[in-house]
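Here is a walk through one protein structure, step by step. Keep the sequence and the model in view as you read.

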Amino acid sequence: MGSSPTKPEFVSVLADKQVKEGGDVNLRCEANTEGVTAKWEKNGYHLECVEGKHVKRESGTTFSLIIRNAAKEDEGKYTLSLSNDSGSVSCSAMVTVELREWRTVQWKQDSMITSLKNFKINNDNIRELRFLLHGPVGAGKSSTINTIKTIFDGHQFINCLAASDLSGESFTTKYQKYTTGAVPFAFYDLMGIEKDQLKGVQTADIISALKGHIPDDYEFKPQAAMCEDNVYYIRNPTLNDQIHCLVSVIAADKVALMDNKVIQKMKTIRAEASKLGIPQLVFMTRVDNVCMLTRENLAKIYQSKKIKEKMEECSTRLGVPMNCIFPLKNYHEETKQNEKLNCLVLEAFTQAVYSANDYVKKFSRKDKHVE
């Protein structure tokens with residue numbers, strides 16, 4: 001009887017690759033023996049080689065796969081399996097394709113900060129532009145406010161408590177207002193939206209907040225929305241009581257997992273904001289949790305296929321145009337400021353400021369009451 005072949009093992013394994021769109025990728029590894037059967041997979045499925053696109057090579061104990069003219073469809077996990085009568089072995093590598101930049105960002109923060117600090121509201125009757133942040137528990141509403149205040153104050157701000165992923169519960173129970181120095185902006189934080197009818201903030205309460213009926217520091221009651229006969233209810237709100245821009249905060253790594261009931265609640269709120277003419281944006285947080293390219297370098301966020309896919313998914317689920325969605329990262333583990341992180345947040349917030357300003361500008365000749 002002949003001796004059994006040597007069981008295949010890897011001397012060197014496939015390495016993760018990062019390639020610009022249009023470039024070539026060479027995945028290469030080496031085994032300890034010849035005479036093995038090699039099979040390539042992509043994302044767990046047999047790799048269907050395309051002429052002119054894929055080139056598979058075997059030379060002795062060396063195995064390689066060349067991917068020509070890389071496109072976004074080529075991004076994924078590639079696996080090589082080697083086998084013979086004595087056993088099998090496999091290794092994998094991630095190929096990340098950097099797309100051509102499809103949205104530009106100003107990567108210098110000083111001019112953006114100066115512009116916002118010197119911002120003048122186009123309505124003499126308005127003391128401050130008011131922004132309401134809403135979204136599911138743990139999406140990053142409070143963290144976004146913390147981050148914006150950190151940027152303007154020049155030091156870490158952590159007084160606005162953020163929900164924990166582990167508890168799944170919102171720390172925010174009141175309608176809380178946050179301001180930053182002499183800048184004419186006010187941020188409003190509230191309880192997270194939950195799928196259950198008697199948990200989280202009531203949809204009717206958010207709509208009342210949009211219209212200016214809810215006072216600062218009002219404590220929400222998940223079991224019942226504020227009614228008109230409530231002693232704290234603002235019966236005749238002015239434009240200074242009203243919200244001037246609605247910001248929906250969505251976590252990039254939770255978009256696909258969001259319950260349809262939460263989505264429907266958010267759509268109801270957005271529909272009411274549309275009736276009132278209130279501008280709306282989406283801040284898509286936690287981008288570093290869904291994209292390795294972005295995690296390693298935030299400046300490549302608009303070259304990421306994964307980020308663009310998450311934005312498209314967010315656009316589809318919420319019914320928001322892509323140009324109203326801003327992917328960003330909030331401060332979480334960091335103790336020092338990061339200029340790239342700041343610039344992404346400042347780009348998003350600047351758009352929110354100009355949108356809110358356009359809204360109040362329409363009422364510049366007289367301060368209208370909201371029904």
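How many aromatic pairs does a search of the whole structure find? The search finds 13. Keep in mind that the model is predicted.

Start with the overall picture. The protein has seven helices and 15 strands. Its C-alpha atoms fill a box of roughly 95 × 45 × 35 Å along the principal axes. Of the 371 residues, 51% are buried. Now take the contacts with a separation of 6 or more: residues 24 or more positions apart account for 69% of them.

Next, find the open sheet. Six strands form it, in the order S11-S12-S10-S13-S14-S15, and the pairing is mixed. Strand S11 (176-180) and strand S15 (325-327) are the edges, and each pairs on one side only. From one strand to the next, the twist averages 25 degrees. At one end of the order, S11 pairs with strand S12 (residues 183-189). The two are antiparallel and share five bridges. Look for Gln176, which stands opposite Asp189 in S12.

The length of H4 can be checked: its 17 residues should span 24 Å at 1.5 Å a residue, and its end C-alpha atoms are 24 Å apart, which agrees. Which residues of H4 are buried? They are Val262, Ile263, Lys265, Met266, Ile269, Arg270, Glu272 and Ala273. An α-helix has 3.6 residues a turn, so residues three or four places apart point the same way. The cover over the buried residues of H4 includes S10, S13 and S14, along with helix H3 (203-211) and helix H6 (305-318).

Helix H2 (residues 141-153) makes another stop. H2 has 13 residues and reaches 18 Å from its first C-alpha to its last, close to the 18 Å expected. Of those 13 residues, 12 are buried, so H2 is largely enclosed by the rest of the structure. The buried residues include Lys141 and Lys149, as well as Ile145, Ile148, Ile151 and Phe152. Just after H2 comes Gly154, with a positive phi of about 80 degrees.

Now return to the rings. A pair of aromatic rings is described by the distance of the centres and the angle of the planes. Take Phe131 and Phe185 as one of the pairs. Their centres are 6.2 Å apart, with 70 degrees between the planes, and the pair is edge-to-face. Phe131 lies in strand S10 and Phe185 in strand S12, so the pair ties together parts that are 54 residues apart in sequence. Phe131 is buried, with a relative accessible area of 2%. Phe185 is buried too, with a relative accessible area of 2%. The ring of Phe185 also pairs with that of Phe349: the centres are 5.3 Å apart and the planes at 90 degrees, so this pair is edge-to-face. It links distant parts of the chain, for Phe349 sits in helix H7 (residues 339-361), 164 residues from Phe185. Phe349 is buried, with a relative accessible area of 2%.

The charged end of Arg103 sits over the ring of Phe326, 5.3 Å from its centre. Lys308 lies over the face of Trp102, at 4.9 Å from the ring centre.

Finally, turn to strand S4 (residues 37-42). In a regular strand the side chains alternate between the two faces of the sheet. In S4, Ala38, Trp40 and Lys42 form the covered face, while Thr37, Lys39 and Glu41 form the uncovered one. Which strands pair with S4? Strand S8 (residues 76-84) pairs with S4 in the antiparallel sense over six bridges. Lys42 stands opposite Tyr78 in S8. Strand S5 (residues 45-46) also runs antiparallel to S4, joined by two bridges. Glu41 has His46 in S5 as its bridge partner. S4 and S5 form a hairpin with two residues between them. In the turn, Asn43 has a positive phi of about 55 degrees.

Key. Residues are numbered from 1 along each chain as its sequence is written. Side-chain values use heavy atoms; hydrogens and water are left out. Two strands pair if DSSP finds at least two bridges between them. Helices (H or I, at least four residues) and strands (E, at least two) are DSSP runs, numbered from the N terminus. Axes are lines fitted to C-alpha atoms, for helices over the stretch in contact, and angles run from 0 to 180 degrees between N-to-C directions. Buried means under 20% relative accessible area, exposed over 50%, partly exposed in between (1.4 Å probe, protein chains only). The expected span of a helix is 1.5 Å times one less than its number of residues. Rings of Phe, Tyr and Trp (its six-membered ring) pair if their centres lie within 6.5 Å; planes under 30 degrees apart count as stacked, over 60 as edge-to-face and the rest as tilted. A charge sits over a ring if NZ of Lys or CZ of Arg is within 6 Å of the ring centre and within 35 degrees of the ring normal. Contact means heavy atoms within 4.5 Å.
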